[in-house]
Amino acid sequence: MRLTEALDLIELPDPLAMSQCRNRWDSIAKPLHSLGKLEDGIIQIAGIQKTHQVTIDKKALVIMCADNGVVTEGVTQVGGEVTAIVSENFLTGNTSACIMAEQSGTDVFPIDIGMNIDTKVPKKKIAYGTKNMLQEPAMTMEQAIQAIEVGINTVLELKEKGYSIIATGEMGIGNTTTSSAISAVLLDMPVEFVTGKGAGLSALGLEHKISVIKKSLEKHKPDKNDPLDVLSKVGGFDIAGLVGLYIGGAAARIPVVMDGFISSAAALMAIRLEPKIVNYILPSHVSNEYGGKILLDSIGVAPYLTCNMSLGEGTGAVALFPLLDMGLAVYEKMSTFEQINIDAYQPLEL
Ligand SMILES: Cc1cc2ncn([C@H]3O[C@H](COP(=O)(O)O)[C@@H](O)[C@H]3O)c2cc1C
Ligand SMILES: O=C(O)c1cccnc1
């Protein structure tokens, strides 16, 4: 499916399914709203799936794997070769995200959307890495759109296979640099406000990273009102693929659980392309990366979890699944006030 077609399909969640779901929660024999965001999450999913009979039994974690040309500027603690090493390990289950996914009954789908080398990771490659954004635009506008479409079509394929909820993940050394760059532009904020140490820079390294981002922005002057211009000039294929997952989720009415900093930057971009997309996103956690909270506040969402995580790969997103499963189990199985013969809960008048 093309990007324009997918954007055209996006509607608001279904208010009827949401109110039916709310009514079921309110009938359950427990204090009203006492499962808080667990109730809200199930109601949100009801609106997305257009039914109060919510299903999240088949879960997928999609991990967009790509290399970022700007890594040659020394903005990361480790070299770009780590992208391919970790990405191949997604196939054997030997990564943090895979182990957490297994715990939550989630199937993992790594995608090579633009790694520097070929590996056994399933290939939907736009190019062998992006260009170094300090020297030239990271990618062409056509490549940006193609990469977004990879994300959209991945969601459609997973829907076809019966998946009912999708978590976002990424692996791409250098992608906190690109995430900070697009966040600074889209939020019209100083680069320092949204740039952190990524996967472990020193204080000096962080200063250098900030200066590389600033110089790249000065060189290309991306237009903050044109998300695709920003994505193509200072983004990455990994981020573009994530943008596509959010668009595809909203178009195909599949809830998308958002991971940390990089996933939040991509969500911001997707929402700038179509504001209704925010209704299809469940914000799993607030990343400990500097700027993580600013991104969530700017998107206008509050995280379910605050665990000081900043790993990426989709680890935060899959961490939310067990909680959603617990919420849904209560929603489906718990007796109502009527069934156990107590009057519906009335707050005491003081
Ligand atoms: C061994 C290793 C495994 C990772 N898994 C995720 N990331 C995380 O770190 C990268 C972003 O940080 P930066 O912009 O500083 O490169 C991404 O790949 C992200 O998923 C990793 C990083 C490393 C080093
Ligand atoms: O929050 C994240 O996703 C993150 C932060 C730093 C490095 N890698 C990932």
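How do the residues of the shell around ligand 1 divide into nonpolar, polar and charged? The points below take up that question and then turn to the sheet, the core and some single residues.

1. The model is a predicted one, in which local features need pLDDT of at least 70, side-chain atom pairs count only at pLDDT 80 or more, and totals for chains, interfaces and linings use all residues. Residues are numbered from 1 along each chain as its sequence is written, while chains are lettered from A and ligands numbered from 1 in the order in which they are written.

2. The shell around ligand 1 divides into seven nonpolar, eight polar and two charged residues, where Ala, Val, Leu, Ile, Met, Phe, Trp, Tyr, Cys and Pro count as nonpolar, Asp, Glu, Lys and Arg as charged, and the others, Gly among them, as polar. Of these 17 residues, T76, T176, G198, A199 and G312 come nearest to the ligand, a residue being near a molecule or strand if its C-beta atom, placed from the backbone, lies within 6 Å of it. The elements that give two or more residues to this shell are α4, β3 and α7 (175-187), and α7 gives the most, with three residues. Helices (H or I, at least four residues) and strands (E, at least two) are DSSP runs, numbered from the N terminus.

3. Ligand 2 is surrounded by T176, G198, A199, D259, G260, F261, I262, S287, E289, S310, L311 and G312. By class, the shell around ligand 2 consists of four nonpolar, six polar and two charged residues.

4. An open sheet is formed by five strands in the order β2-β1-β3-β4-β5, with parallel pairing; two strands pair if DSSP finds at least two bridges between them. At the edges stand β2 (106-114) and β5 (281-283), each with a single partner strand, so that one side of each is left without a neighbour in the sheet. On average, neighbouring strands of this sheet are turned by 30 degrees against each other, direction ignored. Axes are lines fitted to C-alpha atoms, for helices over the stretch in contact, and angles run from 0 to 180 degrees between N-to-C directions.

5. Within the sheet, β1 and β2 run parallel and are joined by eight bridges, and the bridge partner of A60 in β2 is D107. Strand β3 (residues 165-171) is joined to strand β4 (residues 256-258) by two bridges, again in parallel, and I166 has V256 as its bridge partner in β4. Helix α4 (residues 81-92) lies across β1 (59-66), β2 and β3, and runs at about 145 degrees to β2.

6. Although β2 stands at an edge of the sheet, eight of its nine residues are buried, so it is largely enclosed by the rest of the structure. A residue is buried if 20 or more other C-beta atoms lie within 10 Å of its own, exposed if 12 or fewer, and partly exposed in between, with C-beta atoms placed from the backbone.

7. The largest nonpolar core has 107 residues, and those with the most contacts inside it are L61, I63, I166, V243 and Y246. Helix α10 (residues 237-252) gives the most to this core, with eleven residues. A nonpolar core is a set of buried Ala, Val, Leu, Ile, Met, Phe, Trp, Tyr and Cys residues joined through C-beta atoms within 7 Å. Leaving aside neighbours within four places in sequence, the contacts of I63 include F90, V108, I111 and M171, two residues being in contact if their C-beta atoms, placed from the backbone, lie within 7 Å.

8. Helix α9 (residues 227-234) is mostly covered, since seven of its eight residues are buried, and these pack against α6 (141-160), α7, α8 (203-220), α10 and α11 (261-273).

9. N308, in the loop between α12 (292-299) and α13 (315-333), has a positive phi of about 55 degrees although it is not a glycine, and with 10 C-beta neighbours inside 10 Å it counts as exposed. N341, in the segment after α13, has a positive phi near 60 degrees and is likewise exposed, with 8 other C-beta atoms within 10 Å. Most residues other than glycine have a negative phi.
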